Amino acid sequence: MTHERLATAAEFLHEAAELVEDNDTRERLETQAETLREAAERERGLDHGALARITHFLDDFSADAAGEEEVQQAIAEAKREVVAYRETVEGV
């Protein structure tokens, strides 16, 4: 089962990674994108705790990307997808 919103979020993060010049930042974005891509392919997606950590990560990266409008836009799109997915997760 594929969780489309997680896969879409991963695509946005890959896009953001391609736009940044700093290698460390690019690697961190790619790592997060890969986490989302892998979760999208598993039968069971991510729980609320993991999704909360991801949204905090995205908030931090968006703040760090101040002035880089395209990067911020891609991160915001990824976050929207993660938040929309989280609304479908049972529990907390």
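Which side chains meet in a salt bridge at 2.6 Å, N to O? In this predicted model, the side chains of Asp59 and Lys79 do so. Asp59 belongs to helix α3 (residues 48–64) and Lys79 to helix α4, so the pair ties together parts that are 20 residues apart in sequence. Asp59 is partly exposed at a relative accessible area of 34%, and Lys79 is partly exposed at 28%.

**Salt bridges**

Side chains of opposite charge can pair when their charged atoms come close. The count for this model comes to 5 salt bridges.

Arg37 and Glu34 are 3 residues apart in helix α2 (residues 23–41), so about one helical turn separates them. Arg37 has a relative accessibility of 30% and counts as partly exposed. Glu34 is also partly exposed, with a relative accessible area of 28%.

In helix α4, Arg80 and Glu77 are likewise 3 residues apart, about one turn of the helix. The relative accessible area of Arg80 is 46%, which makes this residue partly exposed. Glu77 is partly exposed as well, with a value of 22%. Elsewhere, salt bridges that share partners join Glu34, Arg37 and Glu41 into one network.

**Negative surface patch**

Which residues gather in a patch of negative charge on the surface? They are Glu15, Glu18, Glu69 and Glu70. Helices α1 (4–19) and α4 (69–86) are the elements that give two or more residues to this negative patch. Glu18 is found in helix α1. Its relative accessible area of 66% is over the 50% cut-off, so Glu18 counts as exposed.

**His3**

Is His3 buried or exposed? His3 is buried, because its relative accessible area of 13% is under the 20% cut-off. This residue is placed in the segment before α1. The side chain of His3 reaches the backbone oxygen of Arg42, at a distance of 3.2 Å.

**Summary by helix**

Helix α2 holds the pair Arg37 and Glu34.

Key: Residues are numbered from 1 along each chain as its sequence is written. This is a predicted model: local features need pLDDT of at least 70, side-chain atom pairs count only at pLDDT 80 or more; totals for chains, interfaces and linings use all residues. Side-chain values use heavy atoms; hydrogens and water are left out. Patches are made of residues with over 30% relative accessible area and no salt bridge: like charges are joined within 9 Å, nonpolar side chains (Val, Leu, Ile, Met, Phe, Trp, Tyr) within 5 Å. Accessible areas come from the Shrake-Rupley method with a 1.4 Å probe; for residues, only the protein chains shown count as cover. A salt bridge is a side-chain nitrogen of Lys or Arg within 4 Å of a carboxyl oxygen of Asp or Glu. Lys and Arg count as positive and Asp and Glu as negative; His and the chain ends are not counted. The place of a charge is taken as NZ of Lys, CZ of Arg, CG of Asp or CD of Glu. Helices (H or I, at least four residues) and strands (E, at least two) are DSSP runs, numbered from the N terminus. Buried means under 20% relative accessible area, exposed over 50%, partly exposed in between (1.4 Å probe, protein chains only). A polar contact is a pair of N or O atoms within 3.5 Å; within protein, one must be able to donate a hydrogen and the other to accept it, and residues adjacent in sequence count only if both atoms are side-chain atoms.
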